[in-house]
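Here is a short tour of a structure, taken one feature at a time. Please keep the sequence and the 3D view at hand while you read.

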Amino acid sequence: MITDFTPERLVFARSRAGITRTALAKVIGVSPRTLANYEKGEFAPSDETIGRLALELGVPEVFFSAPPISEVGTGEVHFRALTKMSATKRDSALASGSIAIELSNWLDEKLHLPAADVPAYERGSDDPETTAQRLRLEWEMGYSKVRNVIHLLEAHGVRIFSLPEHLVDVDAFSFWWDGTPYMLLNTRKSPERGRFDAAHELGHLVMHGAYDVPSGREREWEANRFAAAWLMPEADVLASGLRNASVERILEAKTRWGVSAMALTHRLHELGVISDWSYTSACRRLTQLGYRGGEPDKKPSPRESSQVLEKAFALLRQHGLSATTIARDLSIHPEALHELVFGLVLTPVAGGNSGSGRREAAGLTVIQGG
Amino acid sequence: MDLHASSEPAPLATTIHADDRGDRVGRLRSMGLTETQLAKAVQASLGGFTSTTAYHPKSAPGTYGYHEGTAGLRRAVMPDGVWAFDENDNQPRTYSMDYGISIVVQSGDENTGLINEYEPRARNPKGKATEKKVLSNHDHPVLFSLAPEPVLDHTGAQVLTNWVLLITVEQNVMRSELSLPKKFISGKPCGWVERIILSEIEIGGGDAALGEPDVDSGPETDIDVAWKQ
């Protein structure tokens with residue numbers, strides 16, 4: 001029996017599932033006006049209707065009686081592909097961000113996690129190249145390779161989570177919430193592209209801060225330039241002996257910076273290390289070899305995972321707290337938790353049954369990126 | 001570079017604090033220091049070390065590492081309010097009158113941070129100022145646990161114990177130790193009374209030449225996640 005009904009949670013769950021009001025009303029057998037009234041809090045649905053809503057929206061029934069969730073608004077988020085994204089997809093991604101905040105807060109209550117140490121520079125203080133140099137200096141990185149982007153960001157307090165599978169065409173997004181930087185990454189891309197995405201989002205966090213949204217083409221271009229400069233510092237690239245490098249040499253050299261062949265080729269061209277002609281022919285050749293959409297290397301690079309989540313779940317297990325417990329505390333199905341850490345946690349995360357519901361997950365088992 | 005050639009067998013009387021030995025945390029606390037502060041200094045040194053490319057002179061990583069290590073140490077301890085720094089006799093030291101100690105950063109040799117039959121040395125010979133300070137450790141009452149009050153010299157100035165933060169990069173590992181010498185041979189502090197061995201930092205690269213790219217190069221990040229009591 002649901003004693004309290006939180007209308008905001010119904011709106012939230014519907015956004016997250018990416019279902020229109022009309023479509024949902026139809027499936028649960030009420031009129032769109034009735035559903036609108038539930039969402040406005042005019043009156044609460046019956047227990048039976050709540051059961052149907054929970055089933056359709058993939059949340060436990062108790063989800064609707066918990067206090068309102070911290071909702072991330074479109075104005076707060078840097079979306080990489082905002083222009084080509086439907087509003088439904090965008091809202092669904094934002095909902096994942098909100099659950100990420102809830103999970104992060106839950107972990108914060110139990111564990112000491114790294115404090116936020118990401119500068120948010122004043123708008124337009126520097127060009128992306130200089131900003132990348134400045135951040136490397138502040139983080140005392142020198143020109144060294146970023147061995148593991150996710151670990152480095154986590155060490156500086158960025159909370160990193162995974163995007164749900166149905167949002168694979170959202171590359172990644174990031175936002176500040178209560179002074180903490182968050183990133184949701186697509187963990188199904190190639191390791192090199194995943195690293196670049198994370199560096200791109202870092203660019204948004206430091207250059208565009210918590211106030212300079214929504215994104216536009218210019219902001220995206222700036223974040224890309226930041227990512228390239230941060231991963232491949234100009235001075236190091238210039239000294240690397242890649243002048244007029246062949247495609248074979250580029251393929252060999254890309255591991256030095258942990259970037260895709262295309263990203264390195266672009267950077268070499270940007271810095272004048274290879275000529276226009278070499279750049280064009282290298283792009284053509286790389287496309288022929290299948291390097292436009294991924295990195296078909298004989299020896300693929302290792303996928304980056306989360307050190308914070310890995311250690312956090314290990315500690316929670318030691319204290320007898322399973323994924324099911326966390327999910328129950330957050331009033332979500334373990335499956336939703338699974339989605340948030342998919343590809344980031346490589347060891348088994350123990351879990352149990354989630355209770356009733358169509359989307360019941362049979363516990364969280366081995367979680368790996370594709 | 002004179003590495004093994006100048007290595008002296010480790011003195012038997014050296015007190016060693018390390019990960020699995022002694023009370024490193026407690027010893028550092030008694031000196032007004034934390035492991036985190038020294039780790040920050042070493043991390044800063046690593047930042048300097050990695051601030052070089054194939055175009056830099058070969059000596060640049062060590063030089064930059066020394067400069068940044070010194071600055072990093074000061075950044076880490078100065079906010080405590082009990083530390084100061086100066087550069088008398090061209091010797092950039094960081095010191096605390098409250099704790100009666102002074103620290104200089106030096107590039108160490110391959111034995112730095114290792115507990116073996118050899119004792120570590122600085123990579124490069126030091127001058128008269130360092131010699132004087134190191135030799136003043138020799139008879140310092142603190143070494144004989146006889147100094148409840150600040151020790152003063154004949155001019156009334158406080159005599160500090162002079163520690164060396166040795167930092168080295170060897171085969172993709174950055175090792176460091178905060179150690180107290182009492183001898184000075186061939187221009188280098190030695191005869192360690194006490195060695196506080198700090199945690200290693202794994203790195204890669206360092207070699208700016210492309211040659212065989214190492215996918216794992218770059219400093220490794222170790223994040224502390226702990227249960228809240």
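## Where the chains meet

How much area is buried between chain A and chain B, and what percentage of it do carbon and sulfur atoms give? The buried area is about 3,000 Å², with 59% from carbon and sulfur atoms; buried area here is the accessible area (1.4 Å probe) that two parts lose on being put together, summed over both. Three residues, A:His112, A:Glu140 and A:Arg147, supply 26% of the area that chain A buries against chain B, more than any other three residues. Counting contact as heavy atoms within 4.5 Å, 37 residues of chain A and 34 residues of chain B take part.

A word on the basis: this is a predicted model, in which local features need pLDDT of at least 70 and side-chain atom pairs count only at pLDDT 80 or more, while totals for chains, interfaces and linings use all residues. Residues are numbered from 1 along each chain as its sequence is written, chains are lettered from A and ligands numbered from 1 in the order in which they are written, and side-chain values use heavy atoms, with hydrogens and water left out.

## Polar links across the interface

Between chain A and chain B, 12 residue pairs are in polar contact, both residues being at pLDDT 80 or more. A polar contact is a pair of N or O atoms within 3.5 Å; within protein, one must be able to donate a hydrogen and the other to accept it, and residues adjacent in sequence count only if both atoms are side-chain atoms. On the side of chain A that touches chain B, α5 (87-110), β2 (111-112), α7 (149-155), α10 (234-238), α11 (247-253) and α14 (307-318) each supply at least two residues. Helices (H or I, at least four residues) and strands (E, at least two) are DSSP runs, numbered from the N terminus. The largest share of that side, six residues, belongs to α14(A).

Two salt bridges also cross this interface, a salt bridge being a side-chain nitrogen of Lys or Arg within 4 Å of a carboxyl oxygen of Asp or Glu. B:Arg75 forms a salt bridge with A:Glu140, their closest N and O atoms lying 2.2 Å apart.

## A salt bridge within chain A

Over all chains, the structure holds 31 salt bridges. One of them joins A:Arg9 to A:Glu102, with 3.7 Å between the closest N and O atoms. A:Arg9 sits in helix α1 (residues 7-17) of chain A and A:Glu102 in helix α5 of chain A, so this pair ties together parts that are 93 residues apart in sequence.

## The largest pocket

The largest pocket has a volume of about 1,500 Å³. On a 1 Å grid over the protein atoms alone, a pocket is an open set of points with protein on both sides within 12 Å along at least five of seven lines, whereas a cavity is a set where a 1.4 Å probe fits but cannot get out; lining residues have an atom within 4 Å of a point. Grid points are joined across faces, edges and corners, and a volume is the space filled by probe spheres set on the points.

Of the 42 lining residues, B:Ala39, B:Lys40, B:Gln43, B:Ile201 and B:Asp222 are the closest to the pocket's centre. α2(B) gives the most to this lining, with nine residues.

## Enclosed spaces

There are three cavities of 30 Å³ or more. The largest cavity holds about 120 Å³ of space, and its lining includes A:Ile150, A:Asp197 and A:Arg303. Helix α8 (residues 191-208) of chain A provides the largest share of this lining, four residues.

The second largest cavity holds about 60 Å³. Among the residues that line the second largest cavity are B:Gln91, B:Lys133 and B:Trp163.
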